[in-house]
Amino acid sequence: MNTILVGLQWGDEGKGKLIDILAKDADFIVRYQGGNNAGHTVVVNNKSYVFHLIPSGILHKDKTCLIGNGVVIDPEALLGEIATLKKEGIEYHGRLKISSQAHVIFPYHRILDSLRESKRHLRIGTTGRGIGPCYADKVARCGIRICDLFNPKLFSQKLKDNLNEKNDIFRKAFHHQGFRFEALYRQYRAYARKLKPYICNVPLVLAQAREGGKSILFEGAQGSFLDIDFGTYPFVTSSSATAGGACIGTGVAPTSIDKVIGVVKAYTTRVGEGPFVTEFKAPLNDSIREKGREFGSTTGRPRRCGWFDNVMVRFSCLVNGVSEMAVMKLDVLDELKTLKICTAYKYKGKTFTEFPYDLEVLTKAKPVYEELAGWQRNISNVRYYAELPDNAKRYLDRLQELLKVKISYISVGSKREETIIR
Ligand code: GDP
Ligand code: IMO
Ligand code: MG
């Protein structure tokens with residue numbers, strides 16, 4: 001069984017927790033896009049782990065974790081995460097593998113990311129990890145891949161070409177002194193030596209896995225509305241965060257995918273700038289942020305919070321071909337007297353039931369809500385659907401009805417065991 005797990009909102013839906021749970025029944029766990037802009041949290045035995053590049057299945061000792069070609073890799077960040085695994089006593093030898101074709105993030109990507117943001121009228125609110133500039137180089141065909149680092153002549157030529165062009169831009173457009181070849185070259189050759197044991201041909205490894213009847217779990221990062229094509233452009237990330245990205249980012253054919261699990265929060269959050277139709281106003285924003293501990297796992301920035309937006313998620317289900325859903329963080333809504341689900345947007349007298357991509361509509365639209373009664377009871381100890389309060393069941397049933405997709409997983413706390421599987 002080959003399953004793609006994908007976020008259906010603006011990221012941070014709880015993908016990490018669910019990957020850790022599903023990894024039990026998979027053999028391979030593969031990241032296919034994004035980079036260390038991602039922050040995936042897994043809580044086991046009261047200990048919290050946050051993974052940025054390493055797949056969230058790594059805590060399962062007998063599973064192989066792969067980083068596909070679609071991921072952009074900051075070697076310093078990756079080696080730092082590997083060092084943390086070592087420190088935590090998590091055995092990873094022989095079961096962490098990295099694509100030789102993944103593109104590499106350099107300091108000039110990171111700095112350009114921040115400098116661009118500082119000059120923009122339309123700030124994106126990026127994570128500052130150099131993700132956008134690295135993907136831009138990939139598409140411009142001047143990117144440097146992991147495999148290039150092992151070829152001294154080619155790497156040297158590519159780095160020189162990049163610095164020639166980029167240093168001009170840094171100096172002229174940003175009054176930044178630019179970067180020196182020698183230091184960068186030596187630094188990245190040293191990273192290459194350290195990464196060597198992990199490098200592999202991911203499409204080949206996964207083809208052999210399939211032939212051997214093994215199960216592959218594809219771990220999406222970010223969320224569908226941060227997708228470069230289907231997100232709220234330009235307030236998006238630079239990769240294909242929808243399910244289609246799994247094939248492009250690993251070399252596994254679409255015909256090999258059996259299932260797509262869509263992950264949502266029981267409400268909505270967003271980090272960074274961009275439209276957010278159902279965003280709460282204070283004080284609700286503050287109380288949900290506090291109860292849901294809505295602070296970025298990567299940057300620590302406070303997340304913006306809002307009601308569940310069915311207009312968005314219905315569109316996500318469509319572009320991802322979602323076969324089942326997981327609703328996370330239902331417990332965060334425990335104390336609310338009334339819950340709202342957004343079923344349409346209103347703008348200039350027009351009602352939108354389909355997600356509108358016009359940024360003006362998205363920025364100015366008012367939400368149309370359906371109201372449901374809250375359950376006002378602590379549900380974090382519930383393990384079976386039947387034991388949920390009636391109003392919690394009504395909320396989930398209504399989501400299922402609106403989305404026409406079965407909800408198979410319900411999460412009522414951050415810990416592994418705080419999960420209802422239907
Ligand atoms: P990801 O990026 O999709 O993996 O999500 P993050 O890890 O960035 O953010 C989700 C946060 O919610 C993490 O701190 C999780 O530990 C936490 N979390 C996950 N599921 C639940 C849940 O059902 N209830 C609560 N209260 N917290 C949860
Ligand atoms: P996970 O995998 C939430 C957001 C940033 C910013 C936009 C672009 O943990 O769900 P980037 O640095 O990618 O160029 O930033 O995307 N963003 C995320 N928001 N969760 C993430 O990852 C995110 N990765 C990027 O906040 O708005
Ligand atoms: Mg996250």
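Two strands count as paired if DSSP finds at least two bridges between them. Strands are DSSP runs of E with at least two residues, helices are runs of H or I with at least four, and both are numbered from the N terminus.

This is a predicted model, in which local features need pLDDT of at least 70, side-chain atom pairs count only at pLDDT 80 or more, and totals for chains, interfaces and linings use all residues. Residues are numbered from 1 along each chain as its sequence is written, chains are lettered from A and ligands numbered from 1 in the order in which they are written, and side-chain values use heavy atoms, with hydrogens and water left out.

**Stop 1: the sheet**

Select T3. Opposite it, in strand 10, stands L217. Now widen the selection to strand 1 (residues 2-7) and strand 10 (residues 216-219). They pair in the parallel sense, over four bridges. Strands of a sheet pair through backbone hydrogen bonds, either parallel or antiparallel.

**Stop 2: ligand 1**

Select ligand 1 and its surroundings. A residue is near if one of its heavy atoms lies within 4 Å. The shell holds 19 residues, with K15, T41, S297, D331 and S411 the closest. Helix 1 (15-22) and strand 3 (40-44) each supply at least two residues of this shell.

How do the shell residues divide by class? Three are nonpolar, nine polar and seven charged. Ala, Val, Leu, Ile, Met, Phe, Trp, Tyr, Cys and Pro count as nonpolar, Asp, Glu, Lys and Arg as charged, and the others, Gly among them, as polar.

A backbone N or O atom of G16 lies 2.8 Å from one oxygen atom of ligand 1. For G39, a backbone N or O atom is also 2.8 Å from an oxygen atom of ligand 1. A polar backbone atom of G413 sits 3.0 Å from an oxygen atom of ligand 1. On its own, ligand 1 has 590 Å² of accessible area, and the protein covers 91% of that. Areas come from the Shrake-Rupley method with a 1.4 Å probe.

**Stop 3: ligand 2**

The side chain of H40 places an N or O atom 2.7 Å from one of ligand 2. D12 has a backbone N or O atom 2.8 Å from an oxygen atom of ligand 2. For G125, a polar backbone atom is 3.4 Å from an oxygen atom of ligand 2. Ligand 2 alone exposes 550 Å², of which the protein buries 97%.

**Stop 4: backbone details**

Most residues other than glycine have a negative phi, and most peptide bonds are trans. Select Y233 and P234: the bond between them is cis, with omega near 5 degrees. P234 lies in the loop between strand 10 and helix 8 (245-248). Then take A282 and P283, also joined by a cis peptide bond, with omega about 5 degrees. P283 is in the loop between strand 12 (268-270) and helix 9 (284-291).

Finish at K404. Its phi is positive, near 55 degrees, and it sits in the loop between helix 12 and strand 19.

Key:
A polar contact is a pair of N or O atoms within 3.5 Å; within protein, one must be able to donate a hydrogen and the other to accept it, and residues adjacent in sequence count only if both atoms are side-chain atoms.
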